[in-house]
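This report describes one chain of a model and the contacts it makes. The sequence and structure come first.

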Amino acid sequence: MATAFGSQFSALRGRRRERWSDLSPMRKREAKFGFLFIAPWFIGVLLFALFPFIASFVLSFTKYNIVAPPEWVGIEHYEHIFTDDPLFLKSLKNTAVYVGGSVAIRILLGFGLALLLNTKVRFLGLWRTLFYVPSVVPIVALSIVWLYVLNARAGLLNWFLGFFGISRIRWFADPDFAMLAFLIMSTTWVGVTMVIFLAGLQGIPEEYYDAAKIDGANMAQRLWRVTIPLMTPTIYLNVLINIIGAFQVFTQVFIMTGGAPRDATRTYVLHLFDHAFQYLPPQMGYSSALAWILFMIIFAFTAVIVASSQRWVFYQGAED
Amino acid sequence: MSAISARSAKLRSDTLNRATQIIGRILLYGILVFMSLWFIAPLFWMFMSSFMPLEQVGIFPVEWIPRVWQPENYTDALKFWKFGTTFRNTMIITIFSLFGDIGSCTLVAYGFARFRFPFRDTLFLILLATLMLPFAVRLIPVYAAYDAIGWIDTFYPLIVPNFFGNAFYIFICRQFFLGIPQDLLDAAKIDGASEFRIFTQVMIPLAKPAIVVIAILSFQNSWNDFLGPLIYLKDPDLHTLAIGLYKFTSLPGQGGIYNQQMAASVLMVMPVLIVFFLFQKQFIQGANLSGMKG
């Protein structure tokens, strides 16, 4: 899949564009059927992606509460966000902590576990299942279970930490620990990342390792010089997908804390959601402005990662 | 003399190697067992606590086995939660969405995989780009549009978009279609089959593995969805399982009634776990192709 994504972009380069009038009648017929088959998606993309994308940009310059028509206010919302909304910065900071922490956890732990499972362990299927199961649990149920796990008085996590001499932590009452609690909870989904890495590792031909061994490479060198370079397409895709996902963390925070204590867990999308759907009257225009800023941030991150990928992502069999 | 010492040195390094190997294996399985416990313990604890009496769920240090098995927790939890209604609503949304996803995504994927037309690659690139569009940007205009056409408090906002294809499922399906040999299609064409006949009678049966993966992802998506039902369904009679569970646990007086909360959670998790164990292979395949969650 990772390679498929990469090749998709390179496929576009250097292709001659065909003109409709140049096509033979048979090719025209084929093209018509092609358009017919993709029509549902094309209509969908206009209705559910392009329209809202543009509309939310326009709405971000208006005051809008759904009931009354939008009222133009220019860049007032953006001014307010950058100069007079302390929760904007706070929620951005909390989100940055979550993005950095949870992506690191998922990539490092996921990759580490995949490496362990790729050493011809016994009961591979069993371990994989055990690691993967928590990530299929619906997020609402998971949030309720973790509220109990993270309970300061009787929770499973404090009981576990007790074995290491750590006294009970009041996870959601202490602003210093609340975000950490969500990071610990994010280990739940490590199994998904691990499964993807494991599939990638299993695709590396054994001969590469044999050749490296003959050249006298030790385990660390084989990991660093063979495994990791060959895995860069998968790492790249996972970093990208997980960053985009983590920036939008919402449901568990909404259910478990609602941003408490003292906005220590107020994430960006929660802030945006509250403006649109919790506060009265709804501030849909302000919320749209927040959404567009989030879009720009995610876009910038994506662009930097995609641009940097040429330096560190290697595709097998690529000419350059 | 020197040969003997060399041999004993080799022997020593061999036993050393064996020792490090054994220690390495013990370490490896130790880590695997520990991590398994880390992942499974919360779920196991949820299950056990759902049968415990109330006095036991607040105990520290934690206990694992119910002192008295109390299945009443389940019936008590259901008193405050129209499980039947929410289950039915979730099933309706899930099944219709499933058909919408499978139908539209196979069609579109086939179009991208098997026909040449102008701007095809550009359009496909746009399709991939929509994967990166944050839902927050689309949320408000889409909500306002549904409000304007009177679709709030109906299932339509949760079902209808699935009939217009999902970029990610289309991607999976297209990859699969690209792998099917062209000869099969040519044979059908020579036999005079129409494009749609080829699609429904040749491609769809061959694409079963990809369709199962899409079906599972779609099922998971609808069953687990929280934000959609939260904003579109205000009428309690239309609530889904996810909303029902959330509303139940946030009832006044539910704070700390962990045994009932866990019982309610088990009820929501069970169907997913059953599907997971039935279709484990496809779940793993789906994850392989995705990694889009969370």
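In this predicted model, the interface between the two chains takes 85 residues from chain B and 87 residues from chain A. On the chain B side, helix α1 (residues 2-49) gives the most, with 12 residues. Sorted by class, that side of chain B holds 62 nonpolar, 16 polar and 7 charged residues.

Within chain B, the domain assignment gives domain 1 (2-73) and domain 2 (74-289). Taken over C-alpha atoms, the centres of these two domains of chain B are 37 Å apart. Their contact involves 11 residues of domain 1 of chain B and 13 residues of domain 2 of chain B. On the domain 1 side, the elements of chain B that give two or more residues are α1, α2 (54-57) and α3 (72-79). Of these, α1(B) gives the most, with 3 residues.

The two sides described by class are set out below.

| Domain 1 of chain B, touching domain 2 of chain B | 6 residues | 4 residues | 1 residue |

As for the chain as a whole, chain B has 15 helices and 0 strands. Its C-alpha trace spans about 85 × 65 × 35 Å along the principal axes. The radius of gyration of chain B is 27 Å, whereas a compact globule of 294 residues would have one near 19 Å. Of the 294 residues of chain B, 41% count as buried. Among contacts in chain B between residues at least 6 apart in sequence, 75% link residues at least 24 apart.

Note on methods. Residues are numbered from 1 along each chain as its sequence is written. Chains are lettered from A and ligands numbered from 1 in the order in which they are written. This is a predicted model: local features need pLDDT of at least 70, side-chain atom pairs count only at pLDDT 80 or more; totals for chains, interfaces and linings use all residues. Two residues are in contact if their C-beta atoms, placed from the backbone, lie within 7 Å. Helices (H or I, at least four residues) and strands (E, at least two) are DSSP runs, numbered from the N terminus. Ala, Val, Leu, Ile, Met, Phe, Trp, Tyr, Cys and Pro count as nonpolar, Asp, Glu, Lys and Arg as charged, and the others, Gly among them, as polar. Domain bounds come from an automatic or database domain assignment. The radius of gyration is taken over C-alpha atoms; the globule rule is 2.2 Å times the number of residues to the power 0.38. A residue is buried if 20 or more other C-beta atoms lie within 10 Å of its own, exposed if 12 or fewer, and partly exposed in between; C-beta atoms are placed from the backbone.
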